[in-house]
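Biologist: I would like to learn how to read some packing features in a model. Please give the general idea, then the case at hand.

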Amino acid sequence: MKRILMIEISPRGQDSASRAVAGALVARLKKLYPSAQLIRHDLAAEHLPHLDGTTLRAIATRDPAEADALKAAARLSDQLTDELLETDLLVIATPMWNFGIPSALKAWIDLIVRPGRTFQYTAGGVLGLAKDKKALLVLASGGVFTDGPWRSWDFVEPYLRQILGFIGITDMQTVRVEGMNIPDLAVSAVPRAIEAVGELVL
Ligand SMILES: Cc1cc2nc3c(=O)[nH]c(=O)nc-3n(C[C@H](O)[C@H](O)[C@H](O)COP(=O)(O)O)c2cc1C
């Protein structure tokens, strides 16, 4: 394991369940892989832009002259995509917001899912180009979604598995921090998730 890329999203700082569990995960990773390079993005602080028209043109054009002229507009997407392609392990720690991912995480995804860089359409179908990577998802939610009546409301894990799979990342493990809005479950949700971190195959 040479490079770890970690994306954190919650703006709740010390109160964040996903960050608390991700912290335990990073501590374990650092012990296991002391020489690995860790790149962290705190999307609550970084405020990634939504794709605008110029950026879309800059990353989609096949005309070398136009690509050169629009180089600056593609820079952030290029940098984030390079980081992802160079990493061995992607860690995403995110809350569920309104049954899906926060828009800050969607902004990152929109910047790294790129034709010709992280995926490619071929005669045989879609080819993910982000090869030989693992992903760990730390997913915090107020309710419980792994089982029970709310299961079909989970648009976080199915979406992340699908979109990361689309770009070639299929080796994925998930740690759920569930029931943060249910007092009886909330008291033990973070410790239980930290225990689950200890059992991950890293
Ligand atoms: C804006 C917002 C929307 C939320 N939407 C949901 C939701 O749809 N379903 C749910 O189970 N919990 C929801 N929650 C609760 C969070 O998922 C829960 O508090 C979780 O612990 C947040 O992660 P964090 O502690 O890392 O910030 C929402 C919280 C906020 C602030």
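Biologist: Which residues in H6 meet which residues in H7?

Modeller: First the ground rules: this is a predicted model, in which local features need pLDDT of at least 70 and side-chain atom pairs count only at pLDDT 80 or more, while totals for chains, interfaces and linings use all residues. Residues are numbered from 1 along each chain as its sequence is written, and side-chain values use heavy atoms, with hydrogens and water left out. Helices (H or I, at least four residues) and strands (E, at least two) are DSSP runs, numbered from the N terminus. Contact means heavy atoms within 4.5 Å. On that basis, Leu105, Lys106 and Ile109 of H6 meet Tyr159, Leu160 and Ile163 of H7. These contact residues divide into five nonpolar, no polar and one charged. For the classes, Ala, Val, Leu, Ile, Met, Phe, Trp, Tyr, Cys and Pro count as nonpolar, Asp, Glu, Lys and Arg as charged, and the others, Gly among them, as polar.

Biologist: At what angle do the axes of H6 and H7 cross?

Modeller: Two packed helices are described by the angle between their axes and the distance between the axes. Axes are lines fitted to C-alpha atoms, for helices over the stretch in contact, and angles run from 0 to 180 degrees between N-to-C directions. Here the axes of H6 and H7 cross at roughly 10° and come within 12 Å. That makes H6 roughly parallel to H7, where the classes are under 35 degrees for roughly parallel, over 145 for roughly antiparallel, 65 to 115 for roughly perpendicular and oblique for the rest. The crossing of H6 and H7 is left-handed; left-handed means that the near helix is turned anticlockwise from the far one by less than a right angle, and right-handed that it is turned clockwise.

Biologist: How do helix H1 and helix H8 pack?

Modeller: Helix H1 (residues 17-32) and helix H8 (residues 183-199) have their axes 9 Å apart, at an angle of about 25°. H1 is therefore roughly parallel to H8, and H1 passes H8 in a right-handed crossing. The residues in H1 that meet H8 include Ala17, Ala20 and Arg28, and their partners in H8 include Val190, Ala193 and Glu199. The contact of H1 with H8 divides into nine nonpolar, one polar and two charged residues.

Biologist: How many aromatic pairs are there?

Modeller: Rings of Phe, Tyr and Trp (its six-membered ring) pair if their centres lie within 6.5 Å; planes under 30 degrees apart count as stacked, over 60 as edge-to-face and the rest as tilted. By this rule the count is seven aromatic pairs. One of them is edge-to-face, Phe99 with Phe145, at 6.2 Å centre to centre and 70° between the planes. Phe99 lies in the loop between strand E3 (89-95) and helix H6 (103-112), and Phe145 in the loop between strand E6 (134-140) and helix H7 (157-166), so the pair ties together parts that are 46 residues apart in sequence. Ring pairs also link Phe99, Phe145, Trp150 and Trp153 into a cluster.

Biologist: Is Phe145 buried or exposed?

Modeller: Buried means under 20% relative accessible area, exposed over 50%, and partly exposed in between (1.4 Å probe, protein chains only). Phe145 counts as buried at 5% relative accessibility, whereas Phe99 is partly exposed with a relative accessible area of 29%.

Biologist: What is the phi of Asn98?

Modeller: Most residues other than glycine have a negative phi, and most peptide bonds are trans. Asn98 has a positive phi of about 50° although it is not a glycine. Asn98 sits in the loop between E3 and H6 and is exposed, with a relative accessible area of 76%. His47 also has a positive phi of about 50° and is not a glycine. The loop between helix H2 (43-46) and helix H3 (53-60) holds His47, which counts as exposed at 62% relative accessibility.

Biologist: Which residues does Ala74 touch, not counting residues up to four places away in sequence?

Modeller: With those neighbours left out, Ala74 touches Ala58, Ile59 and Arg114. Ala74 lies in helix H5 (residues 71-86) and counts as buried at 5% relative accessibility.
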